[in-house]
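Here is a briefing on packing and ring contacts in one model. Please read it beside the coordinates.

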Amino acid sequence: MGKHENTIPVSHEIALDAEIIIHSLWFKDVIPWAKQNKGKLANKILIDIVNPFTEDFNDFTLNWGQSAAEELQNVIPDTKVVGAFKNTFFRVFEEPIHNNLKSDVYVTSDNEKAKETVMEFLSSTPFRILDGGKLSNNRTIERLTLFERELAIRYGNYPYVSNHLFGLNV
Ligand SMILES: NC(=O)c1ccc[n+]([C@@H]2O[C@H](COP(=O)([O-])OP(=O)(O)OC[C@H]3O[C@@H](n4cnc5c(N)ncnc54)[C@H](OP(=O)(O)O)[C@@H]3O)[C@@H](O)[C@H]2O)c1
């Protein structure tokens, strides 16, 4: 029994049958994948975690005023794209609470109902789930991730870095 003993292997094709799908592709791969699977993704919720970084993590592959979440929504208009976990580095998934502070997850969508569904779906996780507003907020949220990474490297805690905005009444 290995460390994945409680996980059920699910093929990429079977995962596409779910009502809520979380992909974990790079931006350069997610757009062709979404176009290819447009039919299967229609009317479903697609949770998007993409940050459009260059391969060396030094810059973005989209311009100011653009976000991966909006680009994805544009190619699959019949799917409800919901952004989440964009600022959550992989080490944080193992330990989402640091010094009693939960890691924040900004949930964004242009479809209010889909955003509420995902917030409810994630409410039992050990993260603080926040209404992040519209998909256009990912122009900021996605860029914040690269800044987090730079700071974490400078201060020696990469990849254990995330956000917790204090003062919010949640
Ligand atoms: N890592 C993090 O801490 C973190 C945090 C927040 C957000 N994200 C976002 O999460 C996404 C993935 O990051 P990652 O670090 O997990 O990257 P990664 O380790 O490179 O994983 C990407 C995976 O996608 C697979 N893939 C590529 N094209 C595919 C396709 N058409 N169908 C099925 N699978 C395909 C790749 O398989 P092959 O290796 O076989 O090509 C690879 O296993 C990125 O958009 C990133 O911005 C990552």
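**Packing and ring contacts**

The backbone oxygen of L41 lies 2.8 Å from a polar atom of the T79 side chain, a polar contact (N or O atoms within 3.5 Å; within protein, one must be able to donate a hydrogen and the other to accept it, and residues adjacent in sequence count only if both atoms are side-chain atoms). The model is predicted: local features need pLDDT of at least 70, side-chain atom pairs count only at pLDDT 80 or more, and totals for chains, interfaces and linings use all residues. Residues are numbered from 1 along each chain as its sequence is written, and side-chain values use heavy atoms, without hydrogens and water.

**T79**
- T79 is buried at 3% relative accessibility (buried is under 20% relative accessible area, exposed over 50%, partly exposed in between; 1.4 Å probe, protein chains only).
- T79 sits in the loop between α4 and β3 (DSSP runs numbered from the N terminus: helices H or I, at least four residues; strands E, at least two).

**Helix α4**
- In α4 (residues 68-75), 6 of 8 residues are buried.
- Among them are L72 and V75.

**Aromatic pairs**
- The whole structure holds 7 aromatic pairs (Phe, Tyr and six-membered Trp rings, centres within 6.5 Å; planes under 30 degrees apart are stacked, over 60 edge-to-face, the rest tilted).
- W26 and F57 form a tilted pair, with centres 5.7 Å apart and planes at 55°.
- F89 and Y158 pair edge-to-face, at 5.5 Å and 80°.
- F89 is buried at 9%, while Y158 is partly exposed at 31%.
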